[in-house]
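I opened this structure to look up a few things and note them down. The entries below follow the order in which I checked them.

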Amino acid sequence: MEDREIVEKLFFRDDTALEELEKKYGSRLLKLAGRFLRSREDAEEAVSDAWLRAWNTIPPNRPEHLFAYLAKLCRYAALEKVDWLTAGKRSAVVVELTEELSQCLPDPAFEREREGREIGEVLDDFLAGLDREKRVMFLRRYWYGDPIREVAARCGVGESRAKTTLFRLRRKLKDHLEKEGIFV
Amino acid sequence: MSGKHLLYGINYVNQRYIQEAEIYVKNGYICPSFKNYVNKWRGARPYFHCFAAAACLCLALLGVFRLGPNPVAPGPDGPGAAVPPVSREPTATQTPAEVSQAPAQADPLQSPAGRQDTINWRFVAVNESEGLSADATRLYMDPALYEVEHWDMDQVREYFGWELAPAYIPEGLTGGGQGVGLTVYRDKASGELIEDQAGRGFWVDFYEDGSPKSEDDIVIPKGFTVRASKLGILHCALLPVDEERVTQFDRTEVTLTHASLPYGPFDPTQRDPSGLYNMPAGYYDIYVATFTLDGVEYEVEAQRMELEELIKIVASILSPHEDITVGVGCGMP
């Protein structure tokens with residue numbers, strides 16, 4: 001089924017759209033989530049979370065690129081899961097103190113969203129200045145979390161060249177961020 | 001700001017870029033001049049290919065005038081031997097650089113074995129599979145219903161048109177002195193063939209009984225198998241992928257699939273990161289190429305080998321007359 005038809009179904013609140021999404025993109029999203037999460041169960045949970053968020057946000061959103069939209073939701077859910085899992089490993093005292101102090105912040109989720117959007121805009125500028133191959137290489141590595149080997153194969157270059165290109169891109173990004181007043 | 005902030009922040013980049021990175025090399029394609037060597041200059045810019053093509057032409061002409069035409073070596077027999085000459089018409093997906101790279105059709109100054117063409121890695125599409133398919137297990141054929149026949153090499157040659165030995169076999173691999181045999185099954189009631197899958201393996205070493213043997217500590221032997229069937233391959237090696245991408249070898253669509261599989265011994269006290277099995281001793285690569293040629297379905301399965309080697313094997317099946325030289329081509333050192 002075409003993406004456009006699936007989006008239409010979501011607009012009409014037809015829950016078979018979710019089945020279509022699962023069928024069409026389920027395993028790709030599972031693989032994406034699996035890049036960030038070690039256990040399959042966690043990855044499956046992140047994908048389910050992505051379906052729920054897609055259901056809740058379409059409408060009003062009408063994504064132009066459905067896969068990219070879903071992948072973004074899934075990646076976000078996976079990283080949130082990573083946060084949650086990591087928090088579990090921190091000492092109880094640190095967690096308790098962090099929770100108490102976080103009450104002073106307006107809304108941590110909102111704050112992170114705002115910060116993320118700002119960084120996203122700066123990264124957009126950075127990516128726009130790259131040629132296609134380098135942009136793909138950068139995003140496959142840092143957005144999709146692909147291993148170097150897969151990045152190299154996809155871009156038709158050797159692993160060492162992929163590593164060198166990514167190293168240079170990181171340096172270039174650092175310069176770009178510093179120009180924008182962001183220091184890593 | 002930390003690297004973690006960046007990792008989160010990158011989630012907000014324009015979806016157009018994410019989509020672009022997803023579909024990059026979506027339609028795998030190999031230049032129709034194709035197949036007989038893998039471009040050393042892979043990933044090079046198109047204009048670089050133009051220079052390479054020009055250098056190739058100059059050196060080829062120079063060689064012809066200085067040495068005279070090469071004697072034409074008899075080509076190996078193979079399914080591709082009967083394939084008509086490669087068309088040099090540009091296709092919809094072919095770039096001008098690739099067209100210019102293609103040698104002229106039936107160039108009288110150059111023997112077929114002397115042609116040098118380019119496979120650009122950029123156009124090779126590899127699908128990622130989750131692992132081995134359960135279908136790899138052969139089905140039980142009830143002798144009450146099916147008749148078994150064992151065909152010898154001559155019958156296989158007559159049936160498939162060749163002996164399933166590619167013109168290119170990577171160094172160090174052999175057929176172990178074995179030919180190819182085929183066990184076919186017929187429906188007793190109708191007399192019709194219902195299974196005709198033949199296979200021939202090329203491995204680094206063999207046990208006395210002819211089964212493949214590993215030459216090192218890793219239990220998985222290195223080598224490849226060519227399987228063929230006119231009725232359709234029934235026992236696929238790898239699990240199917242969601243959205244299959246094909247790589248175009250001239251007019252033949254080849255599906256390349258990869259999986260990374262664990263090998264033993266397995267540590268029962270730990271789980272591997274996927275959580276699917278106990279911690280293996282390591283992982284090995286398996287690549288499978290499937291295509292149909294002259295009505296025969298082929299599956300070439302390579303384990304513990306590079307993708308480049310598999311491409312060369314497939315190329316030599318599709319076009320056995322072409323000379324295969326990896327890393328050297330178009331007169332470039």
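**A strand pair in chain B**

I looked up Arg186(B) and found that its bridge partner in E5(B) is Leu193(B). E5(B) and strand E4 (residues 182-187) of chain B are joined by two bridges and run antiparallel. I took strands (E, at least two residues) and helices (H or I, at least four) as DSSP runs, numbered from the N terminus; two strands pair if DSSP finds at least two bridges between them.

**Conventions**

I am reading a predicted model, in which local features need pLDDT of at least 70, side-chain atom pairs count only at pLDDT 80 or more, and totals for chains, interfaces and linings use all residues. Residues are numbered from 1 along each chain as its sequence is written, while chains are lettered from A and ligands numbered from 1 in the order in which they are written.

**The sheet around that pair**

I then noted an open sheet of three strands in chain B, with the order E3-E4-E5 and antiparallel pairing. Strand E3 (146-151) and strand E5 (193-195) of chain B are at the edges with a single partner strand each, so one side of each has no neighbour in the sheet. Neighbouring strands of this sheet are turned by 40° against each other on average, direction ignored.

**Another pair in chain B**

Strand E10 (residues 267-271) of chain B runs antiparallel to strand E11 (residues 278-279) of chain B, and two bridges join them. I found Arg271(B) opposite Asn278(B) in E11(B). How many of the five residues of E10(B) are buried? I got a count of zero, where buried asks for 20 or more other C-beta atoms within 10 Å of the residue's own, with C-beta atoms placed from the backbone.

**Where the chains touch**

I counted 39 residues from chain A and 32 residues from chain B in the contact, which requires C-beta atoms, placed from the backbone, to lie within 7 Å. H6(A) gives the most to the side of chain A that touches chain B, with nine residues. That side has 20 nonpolar, six polar and 13 charged residues. I counted Ala, Val, Leu, Ile, Met, Phe, Trp, Tyr, Cys and Pro as nonpolar, Asp, Glu, Lys and Arg as charged, and the others, Gly among them, as polar.

**Confidence in chain A**

Among the elements of chain A, helix H3 (residues 40-57) has the highest mean pLDDT (90) and helix H5 (residues 92-102) the lowest (63).

Definitions and conventions. Contact = placed C-beta atoms within 7 Å. pLDDT = per-residue confidence, 0-100. Buried ≥ 20, exposed ≤ 12 C-beta atoms within 10 Å, placed from the backbone. Axes fitted to C-alpha atoms, helices over the stretch in contact; angles between N-to-C directions.
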